[in-house]
Amino acid sequence: MKKGRYILLLSILTALFLIHVPEIDSADPEEANRMYAMAKKAYEDGFLDLSISEFEKYLATYPTGEKRDRVLFYLGEIFLTQGKFSRAKGSLIKLKEEFPASPLVERAILALAFSLFEQKEFSQA
C-alpha cells in the first residue's frame, strides 16, 4: 500500500514539475543575444560571479551559439582575474580547439600562456 502511494505521489510531482517548467527555445537568437548581453554587462560592471553564472548558462542553453567563442574567452579572462588558473586554462583551450579561426584565439593563447606560467607549467607555456 505504501509503495502504491509513493508511486502515485512521485507521478503527481513529476507531472507538476513538467507542467511548470518553462521551455527555453535554444534556437531563439534574440534570447541568446539577451542572455549574452546580460552576462557581458555583469562582467563589465565587475560582477564576476554573476557573469560566470550567466556565461555558463549561455553555454548550457546554446551549446552551438554564435557567441560561444566570446563566452569562452570572457570566462577564461574572468578565471584568470580570480586566480582560478585551472578553470581559465580549460576555457581558453576549449576556445582554441573549437574556434581556431576566431579573432580571439591569439589573445586566448597569450592568456593561456600566462595561466600556464602561473601554474608553473613552464614546458607547456
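**Exercise 1. What does the accessible surface of the chain come to, and what share of it belongs to carbon and sulfur atoms?**

Solution. The model is predicted, so local features need pLDDT of at least 70 and side-chain atom pairs count only at pLDDT 80 or more, whereas totals for chains, interfaces and linings use all residues. Residues are numbered from 1 along each chain as its sequence is written, and side-chain values use heavy atoms, with hydrogens and water left out. The accessible surface, computed by the Shrake-Rupley method with a 1.4 Å probe, comes to about 8,500 Å², and 60% of this surface belongs to carbon and sulfur atoms.

**Exercise 2. Describe the order of elements in the chain and its burial.**

Solution. Of the 125 residues in the chain, 33% are buried, a term for under 20% relative accessible area, with over 50% called exposed and the range in between partly exposed (1.4 Å probe, protein chains only).

**Exercise 3. Work out why the pair of tyrosine 36 and phenylalanine 55 ties together parts that are apart in sequence.**

Solution. Rings of Phe, Tyr and Trp (its six-membered ring) pair if their centres lie within 6.5 Å, and planes under 30 degrees apart count as stacked, over 60 as edge-to-face and the rest as tilted. The structure holds six aromatic pairs; in one of them, tyrosine 36 and phenylalanine 55 stand 6.2 Å centre to centre with 50 degrees between the planes, a tilted arrangement. Because tyrosine 36 lies in helix α2 (residues 29–44) and phenylalanine 55 in helix α3 (residues 48–61), the pair ties together parts that are 19 residues apart in sequence. Both tyrosine 36 and phenylalanine 55 are buried. Ring pairs also link these two residues into a cluster whose members include Tyr43, Tyr58 and Phe73.

**Exercise 4. Identify the residues with the most contacts inside the largest nonpolar core, and the element that gives its largest share.**

Solution. A nonpolar core is a set of buried Ala, Val, Leu, Ile, Met, Phe, Trp, Tyr and Cys residues joined through side-chain atoms within 4.5 Å. The largest one has 27 residues, and Phe55, Tyr58, Val71, Leu75 and Leu92 have the most contacts inside it. Two or more residues come from each of α2, α3, α4 (68–81), α5 (85–98) and α6 (105–118), and α4 gives the largest share, eight residues. Beyond its neighbours within four places in sequence, tyrosine 58 is in contact (heavy atoms within 4.5 Å) with residues including Ala32, Met35, Tyr36 and Val71.

How values were computed:
Helix = DSSP H or I, 4+ residues; strand = E, 2+ residues; numbered from the N terminus.
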